[in-house]
Amino acid sequence: MPDLPVDPADVGRTYEAVVRINSQSGKGGVAYVMSTWHGLHLPRDLQIDFAQVVQRQADQEGMEITPDRVGELFEREYLSVARLSAPLASSGEQMATVLHIDGEPFDVGGTRTDAVETTRAMLARRGVDVRAVHRTGVGAPRDRAPETAVAVYAECRIDGRTFWGAGIEHDVETAALSAVRSAVRRARLVGFRNIEIPGPRTSRAAVATAR
């Protein structure tokens, strides 16, 4: 029998009540929940990375995962680690990184060019080589206040592997630094102990010093 499109309102329910994620759900379902419920537009490869996290959790819990729970898992996996304290350290080898900017209308090639270049320079002083900066989706975030509406996802290459991190902050520079720290912290959690973590929340001071 073919599926018939039904508006949840027609049966007295909401979209929030009918959307569920389970261990068989792919990146599309997870990406939809993150963009619709949480205002985060994940890059494609991060969608794949996070979908694996959600699938493992669904297997462990043995039940479907609600959109709110998906948001909690993203925060635990990619955001909470960025808030942990870490020493300021310099690295002798540049770490190749691609940044993806999200969270508010952000024209990478327009008026925000200075902010992007400042971010590149700030991270370069911490051993991070920003190879590219992309924009991934725009739109009003649902669960974040306007003053913290800048989200940055960092795609870091560490010893031949890719690790993702995320940062949500008041400005692009701080969000980018948080995202890189998150990616490095996640790499260390799986055994890359020799990776150093850029110092936390020092972007504004670094920029002032550079000027």
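Me: How do helix α2 and helix α4 pack, and at what angle?
Reply: In this predicted model, α2 (residues 27-38) and α4 (residues 67-79) pack at about 100 degrees, and their axes are 10 Å apart. That angle makes α2 roughly perpendicular to α4.

Me: Which residues make the contact?
Reply: On the α2 side they are Val33, Met34, Trp37 and His38, and on the α4 side Pro67, Asp68, Val70, Gly71 and Phe74. Six of these contact residues are nonpolar, two are polar and one is charged.

Me: Changing topic to the sheet. What's the strand order?
Reply: The order is β2-β1-β3-β4, in an open sheet of four strands with mixed pairing.

Me: Which strands are at the edges?
Reply: β2 and β4 (161-169) are, and each has a single partner strand, so one side of each lacks a neighbour in the sheet.

Me: And how much are neighbouring strands turned against each other?
Reply: By 20 degrees on average, with direction ignored.

Me: What packs on the sheet?
Reply: Helix α6 does, touching β1, β2, β3 and β4. The direction of α6 makes about 140 degrees with that of β4.

Me: Back to β1. Does it run parallel or antiparallel to β2?
Reply: β1 and β2 run parallel, joined by seven bridges. Within that pair, Val98 stands opposite Ala132, and His100 stands opposite His134.

Me: Then what about β1 and β3, parallel or antiparallel?
Reply: Those two run antiparallel, with six bridges between them.

Me: How many residues of β1 are buried?
Reply: Eight of the eight, so β1 is largely enclosed by the rest of the structure.

Me: Now the largest nonpolar core. Which members touch the most others?
Reply: Of its 25 residues, they are Met95, Leu99, Leu123, Val152, Cys156, Ile158 and Val180. The elements giving two or more residues are β1, α5, β2, β3 and α6.

Me: Which element gives the most?
Reply: α6, with nine residues.

Me: What does Leu99 touch?
Reply: Leaving out residues up to four places away in sequence, its contacts include Leu123, Val130, Val152 and Ala176.

Me: What's in the second core?
Reply: That separate core has 23 residues, among them Phe50, Val54, Val70 and Tyr78. Val70 is also one of the α4 residues in the contact with α2.

Terms used:
Residues are numbered from 1 along each chain as its sequence is written. This is a predicted model: local features need pLDDT of at least 70, side-chain atom pairs count only at pLDDT 80 or more; totals for chains, interfaces and linings use all residues. Side-chain values use heavy atoms; hydrogens and water are left out. Axes are lines fitted to C-alpha atoms, for helices over the stretch in contact, and angles run from 0 to 180 degrees between N-to-C directions. Angles under 35 degrees count as roughly parallel, over 145 as roughly antiparallel, 65 to 115 as roughly perpendicular and the rest as oblique. Contact means heavy atoms within 4.5 Å. Ala, Val, Leu, Ile, Met, Phe, Trp, Tyr, Cys and Pro count as nonpolar, Asp, Glu, Lys and Arg as charged, and the others, Gly among them, as polar. A nonpolar core is a set of buried Ala, Val, Leu, Ile, Met, Phe, Trp, Tyr and Cys residues joined through side-chain atoms within 4.5 Å. Buried means under 20% relative accessible area, exposed over 50%, partly exposed in between (1.4 Å probe, protein chains only). Two strands pair if DSSP finds at least two bridges between them.
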